[in-house]
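Student: I would like to learn how to read the side-chain contacts in a protein model. Could we go through one together?

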Amino acid sequence: EFAPLGAICGNKPQTKIGILEFLHNLYVRYADPAFQDEIELLKREADQRAGRVLVRGFVEPSVTEDPDGYYHLPGRQELALEIQQEILPLFGFEGNRKGVREMIRYCAPYLDDLEVQKKF
């Protein structure tokens, strides 16, 4: 569940605990099975475009993972923005790309902390 304590007011997190609460809320939404299904679909489409899907006879196709990972997966940003539009305003950021950039800059000073790194 996500129900941020200080987020009802739409205030930016002021402490490490607040940053962790914010990042946890994003994590919970990203972990939702429907979101993950959409990510898997984008990955399959990218693998097919890149020729990484191998078909062996009548057997299920096997896929080799993108050696560079899927961070820059086409469509991923747009999909993530759907969730960010909901969560960011709860924590005082605009629910758009500008708000995402601001959120990244805002969280940057906390990235030396291992707990924050794990959530980011």
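Tutor: Gladly! Let's start with a term we will need: a residue is buried when its relative accessible area is under 20%, exposed when over 50%, and partly exposed in between. Keep in mind that this is a predicted model.

Student: Is phenylalanine 93 buried or exposed?

Tutor: Phenylalanine 93 has 4% relative accessibility, so it counts as buried. Tyrosine 106, at 24%, counts as partly exposed.

Student: How is a pair of aromatic rings described?

Tutor: A pair of aromatic rings is described by the distance of the centres and the angle of the planes. In this model, a search of the whole structure finds 4 aromatic pairs. One of them joins phenylalanine 22 and phenylalanine 91 edge-to-face, with 5.0 Å between centres and 65° between planes.

Student: Where do phenylalanine 22 and phenylalanine 91 lie?

Tutor: Phenylalanine 22 is in helix H1, while phenylalanine 91 is in the loop between helix H3 and helix H4, 69 residues apart. Both are buried. Phenylalanine 93 and tyrosine 106 also pair edge-to-face, at 5.5 Å centre to centre and 75° between the planes. Phenylalanine 93 sits in the loop between H3 and H4 and tyrosine 106 in helix H4, so this pair ties together parts 13 residues apart in sequence. Ring pairs link Phe22, Phe91, Phe93 and Tyr106 into a cluster.

Student: What about the nonpolar core: which residues touch the most other members?

Tutor: The general idea is that in soluble globular proteins, nonpolar side chains tend to be buried together. Here the largest nonpolar core has 22 residues, and those touching the most other members include Phe22, Leu23 and Phe93. Helices H1, H2, H3 and H4 each supply at least two residues of this core, and H1 gives the most, with 5 residues.

Student: And charged side chains: how many salt bridges are there?

Tutor: Side chains of opposite charge can pair when their charged atoms come close. The search finds 7 salt bridges in the whole structure. Among them, lysine 16 pairs with glutamate 115, their closest N and O atoms being 2.5 Å apart. This pair links distant parts of the chain, with lysine 16 in helix H1 and glutamate 115 in helix H5, 99 residues apart. Lys16, Asp113 and Glu115 are linked in a network of salt bridges.

Student: What separates lysine 43 and glutamate 40 in helix H2?

Tutor: Lysine 43 and glutamate 40 form a salt bridge at 3.3 Å. They are 3 residues apart in helix H2, so about one helical turn separates them.

Notes:
Residues are numbered from 1 along each chain as its sequence is written. This is a predicted model: local features need pLDDT of at least 70, side-chain atom pairs count only at pLDDT 80 or more; totals for chains, interfaces and linings use all residues. Side-chain values use heavy atoms; hydrogens and water are left out. Rings of Phe, Tyr and Trp (its six-membered ring) pair if their centres lie within 6.5 Å; planes under 30 degrees apart count as stacked, over 60 as edge-to-face and the rest as tilted. Helices (H or I, at least four residues) and strands (E, at least two) are DSSP runs, numbered from the N terminus. Buried means under 20% relative accessible area, exposed over 50%, partly exposed in between (1.4 Å probe, protein chains only). A nonpolar core is a set of buried Ala, Val, Leu, Ile, Met, Phe, Trp, Tyr and Cys residues joined through side-chain atoms within 4.5 Å. A salt bridge is a side-chain nitrogen of Lys or Arg within 4 Å of a carboxyl oxygen of Asp or Glu.
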